[in-house]
Amino acid sequence: MSARPGLASPGARLRAAREAQGLSIEEVADRLRLNEALVLAMEEDRFGLLGAPVFARGHLKNYAVLVGAPERDVMADFDVGEMPEPTFLPAGGRTPVAPRRGILPWVAGAVVLAAAGAAAWWLTRR
């Protein structure tokens with residue numbers, strides 16, 4: 001982010017444009033397919049939460065286009081040189097979901113069982 005006095009930060013520009021469009025943070029997050037916390041982080045100029053600088057630039061650019069903010073100004077105010085190391089958002093109490101087992105193992109087992117039954121029948125019918 002630029003530290004030049006008197007200029008708006010990228011987050012302030014994005015927030016003002018979002019509010020002028022009458023959009024909520026939730027609506028922006030949904031349209032950008034991002035977590036609401038990441039949208040809020042952009043508006044608060046906490047770019048370390050966005051990952052590597054290339055991702056931060058992409059998110060800022062997409063946000064600016066969505067809300068009609070002057071993309072050139074937003075990107076000019078964003079200075080990668082002052083960007084902190086990427087950090088991660090907490091999982092929010094979510095537990096990982098175990099992968100679902102498909103029906104294929106059951107079908108394969110039934111086929112093997114049927115083949116074994118047919119072989120046993122064939123061998124014992126003499």
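## Basis of the model

Because the model is predicted, local features need pLDDT of at least 70 and side-chain atom pairs count only at pLDDT 80 or more, while totals for chains, interfaces and linings use all residues. Residues are numbered from 1 along each chain as its sequence is written, and side-chain values use heavy atoms, with hydrogens and water left out.

## The whole protein

The protein has six helices and zero strands, where helices (H or I, at least four residues) and strands (E, at least two) are DSSP runs numbered from the N terminus. Of its 126 residues, 27% count as buried, a term that means under 20% relative accessible area, with exposed meaning over 50% and partly exposed lying in between (1.4 Å probe, protein chains only).

The protein exposes about 8900 Å², of which carbon and sulfur atoms supply 61%; accessible areas come from the Shrake-Rupley method with a 1.4 Å probe. Among the contacts (heavy atoms within 4.5 Å) with a separation of 6 or more, 64% join residues 24 or more positions apart.

## Helix 3 and its surroundings

In helix 3, the buried residues are Leu38, Val39, Ala41, Met42 and Glu43, and the buried residues of this helix pack against helix 1 (10-21), helix 2 (25-32) and helix 4 (53-67). At the N-terminal end, helix 3 is capped by Asn35, which has a side-chain oxygen 2.8 Å from the backbone nitrogen of Ala37. Just after the helix, Asp45 takes a positive phi of about 60°.

## Glu43

Glu43 lies in helix 3, which covers residues 36-43, and counts as buried because its relative accessibility is 3%. The side chain of Glu43 makes a polar contact with the side chain of Arg18 at 2.5 Å; a polar contact is a pair of N or O atoms within 3.5 Å, where, within protein, one must be able to donate a hydrogen and the other to accept it, and residues adjacent in sequence count only if both atoms are side-chain atoms. Leaving aside neighbours within four places in sequence, Glu43 is in contact with Gly11, Ala12, Arg15, Arg18, Ile25 and Tyr63.

## The aromatic pair

A search of the whole structure finds one aromatic pair. Phe47 and Phe78 form this pair, which is edge-to-face, with 5.0 Å from centre to centre and 85° between the planes. Phe47 lies in the loop between helix 3 and helix 4, and Phe78 in the loop between helix 5 (71-77) and helix 6 (104-124), so the pair ties together parts that are 31 residues apart in sequence. Both Phe47 and Phe78 are buried.

Rings of Phe, Tyr and Trp (its six-membered ring) pair if their centres lie within 6.5 Å, and planes under 30 degrees apart count as stacked, over 60 as edge-to-face and the rest as tilted.
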